[in-house]
Amino acid sequence: MSHTTILLDHVTLTFPRSRIKRGLKEGAFLRSFGIGASGEETFTALDDVSLEVKQGEVLGLVGRNGAGKSTLLRVIAGIYRPDKGVAKRAGQVSLLAGVGVGFHGNMSGRENVYLYGSILGHSPRDIDRMLDGIIEFSGLRDFIDQPLRTYSSGMKTRLGFSVASAVQPEILLIDEVLAAGDAEFRERSTERIKEMVKDAGSVLIASHSLGTIKELCNRAILVQKGKIAASGPPGEVVDAYVPPAAVSDEEIGSRKSASAT
Amino acid sequence: MPDISHSAELVEINAPVSWPRGLAQMWRNLTTHHHLINNFVRRDVRLRYRDSALGYFWSLFEPLLLAGVYYVLFVIIAGKPEPRYPLWIILGVMTWGLFSKSLNDAMTCLTRNEGMIKQVYFPRELFAFTSVGSSLIITGLSTLVAVPMMAMYGIGPSLGLLMVPVGLALAGLFGLGVGLGLACANVVNRDVEFFSRFLTRAGMFMSPVMWTVAMAPKTRAPWLKYLLLNPVAVPITMVRSGIEGKGLGISAGFVTYSVCACILSFLFGAMIFKRFEARVVKKL
């Protein structure tokens with residue numbers, strides 16, 4: 001009886017690789033609007049991707065940085081429109097990514113909950129109802145009426161995650177938010193995601209944490225250079241994917257420096 | 001398990017829309033997201049003067065100070081103007097400022113919010129509507145500065161005051177429309193932004209901001225016609241005559257032209273925006 005909730009049919013999406021060239025030579029100005037010969041360099045983020053996700057599936061996306069995992073999730077969320085092919089979905093969607101976008105430093109934590117909640121599409125009445133749970137989960141009750149600029153970056157992430165994860169969408173898209181906050185909060189947020197995964201209609205998780213994929217998902221795909229290179233049980237796909245050592249070192253480095261700031 | 005039986009049908013995500021369908025979609029988005037609009041406008045208005053001791057009074061002082069500068073300049077260049085001239089400048093500067101800020105905010109609504117657009121989906125036209133909405137509210141509050149000046153000049157309140165919000169709304173609508181129409185082009189090429197910024201600056205001198213339509217010498221009437229082709233001229237004059245409680249002094253034909261130009265530019269701008277918006281996001 002499980003029906004299809006997400007259907008990608010030969011989806012291709014290319015990004016312009018370079019910003020426009022400066023100057024008026026050779027009609028660069030007109031060309032930037034697509035008038036005249038196009039010499040624009042492009043980068044194919046999704047290359048003829050077809051994918052079907054059914055109700056009840058928890059699909060893991062593995063692959064290197066820049067392979068197209070995030071872009072795939074953003075096409076499903078409705079942020080990017082495919083250049084070719086068709087993307088369809090059934091049901092409302094929620095993308096957990098860039099937690100806390102739209103947060104404003106000069107407003108209190110509580111006001112930001114309402115602001116961020118309305119960005120995610122909730123009415124003030126819905127947020128009234130969820131507010132207590134959100135504050136409780138974030139563990140920031142003592143700070144909730146302080147302006148957000150007095151929060152540490154970890155506290156902001158906690159608040160953002162608490163708001164973003166307070167709803168129960170039919171289609172849940174998770175993009176690398178599992179590593180947020182301190183160890184204790186990280187554990188709790190992983191628990192929360194597991195709960196959401198259990199209750200949601202369909203879930204897509206893009207993560208570099210291969211253990212998480214193995215644990216949470218019942219299917220996985222390997223994304224490589226914008227194509228789906230492998231699909232199957234998470235164990236097999238994860239084992240088939242060997243993250244290049246150089247890349248993962250670099251990643252650890254960049255993540256460290258990011259958390260240090 | 002959430003009940004998804006009601007939405008089990010597969011629907012194309014971000015399907016391309018025809019020109020008129022885009023308009024209908026925009027209207028639907030505005031009504032379904034009124035909470036978000038509300039929140040954004042409130043945030044903008046409340047935060048604009050946060051951390052300043054004078055706060056909201058800046059929206060009164062700023063046009064006052066500016067008018068002072070223009071007044072001095074005018075006296076130096078053209079000699080003694082009519083006594084109510086400072087009031088006319090203030091209202092002109094405020095209405096023109098509303099137009100140019102609306103245009104600029106709407107035009108940059110995609111480029112300014114790149115971070116949010118890439119992380120969360122909601123209808124992107126809301127960025128433009130909310131910033132124009134908050135500018136309208138702030139300008140509306142600024143017009144209160146006219147109240148003491150009306151008392152000073154002995155101008156009593158009249159029914160004409162109803163023209164003030166109409167004029168402001170038209171100026172904001174025109175800016176919103178032109179800005180929406182240019183927003184997608186501006187993502188592709190930022191030259192659009194620089195060029196239109198120049199145009200709004202130059203346009204200020206071509207509009208009755210530092211002068212009034214009544215001040216234009218009658219001997220140059222043929223020129224006046226061309227100046228009234230500027231759709232912002234009528235809204236500015238509406239705000240002024242509304243305060244003064246007098247007629248517009250502009251022929252009905254030009255008034256109709258200007259109102260239609262504001263409304264049509266909004267409709268076309270909105271259609272252009274909805275047509276291209278989904279396609280240009282990847283170029284951000």
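Reader: What makes you say that residues of chain A and chain B are in contact?

Author: Happy to start there. Residues count as in contact when their C-beta atoms lie within 7 Å, and by that rule 43 residues of chain A are in contact with 33 residues of chain B. Please keep in mind that this is a predicted model.

Reader: Which elements supply the side of chain A that touches chain B?

Author: At least two residues each come from strand S1 (4–16), helix H2 (69–77), strand S4 (84–89) and helix H3 (109–119) of chain A. S1(A) gives the largest share, with 5 residues. Sorted by class, this side of chain A holds 23 nonpolar, 15 polar and 5 charged residues.

Reader: How do you know that S4(A) and strand S1 of chain B pair?

Author: The test asks for at least two bridges between two strands. S4(A) and S1(B), residues 11–12, have 2 bridges, in the antiparallel sense, so by that cut-off they count as a pair. You can look at both positions: Lys88(A) stands opposite Glu12(B), and Arg89(A) has Val11(B) as its bridge partner.

Reader: What confidence does the predictor give the complex?

Author: The complex has an ipTM of 0.85 and a pTM of 0.89. For chain B, the average pLDDT is 89, and 96% of the residues score at least 70. Within chain B, helix H11 (residues 221–228) has the lowest confidence, with a mean of 78, while H9(B) has the highest, at 97. Over residues 1–6 of chain B the pLDDT is below 50, and this stretch has 8 contacts in the model beyond near neighbours in sequence. Where pLDDT is low, the coordinates should not be read in detail.

Reader: Why does Leu136(B) count as buried?

Author: Burial takes 20 or more other C-beta atoms within 10 Å. Leu136(B) has 22 C-beta neighbours inside 10 Å, and therefore it counts as buried. Setting aside residues up to four places away in sequence, Leu136(B) touches Leu98(B), Leu168(B) and Gly172(B). The C-alpha atoms of Leu136(B) and Val45(B) are separated by 10.0 Å, although these residues are 91 apart along the chain.

Reader: What makes you describe H7(B) as mostly covered?

Author: Of the 18 residues of H7(B), 15 are buried. Leu136(B) lies in this helix.

Reader: How do you know what the 18 residues of H7(B) should span?

Author: At 1.5 Å a residue, H7(B) should span 26 Å. The end C-alpha atoms of H7(B) are 26 Å apart, which agrees with that expectation.

Reader: Back in chain A, what makes S8(A) and S9(A) a hairpin?

Author: S8 (residues 219–224) and S9 (residues 227–232) of chain A run antiparallel and are joined by 5 bridges, with 2 residues between the strands. Gln224(A) has Lys227(A) as its bridge partner. In the turn, Lys225(A) has a positive phi of about 50°.

Reader: Which residues point one way from strand S5 of chain A, and which the other way?

Author: Val93(A) and Leu95(A) point one way, Ser94(A) and Leu96(A) the other, and all are buried. In a regular strand, side chains alternate between the two faces of the sheet. S5(A) pairs in the parallel sense with S6 (residues 171–175) of chain A over 4 bridges, and Val93(A) stands opposite Ile171(A).

Reader: How many helices and strands are there in chain A?

Author: Chain A has 9 helices and 9 strands. Of its 261 residues, 43% count as buried. Among contacts in chain A between residues at least 6 apart in sequence, 72% join residues at least 24 apart.

Technical notes: Residues numbered from 1 in each chain as written. Chains lettered and ligands numbered in written order. Predicted model: local features only at pLDDT ≥ 70, side-chain atom pairs only at ≥ 80, totals over all residues. pLDDT = per-residue confidence, 0-100. Contact = placed C-beta atoms within 7 Å. Nonpolar A, V, L, I, M, F, W, Y, C, P; charged D, E, K, R; others polar. Buried ≥ 20, exposed ≤ 12 C-beta atoms within 10 Å, placed from the backbone. Expected span 1.5 Å × (residues − 1).
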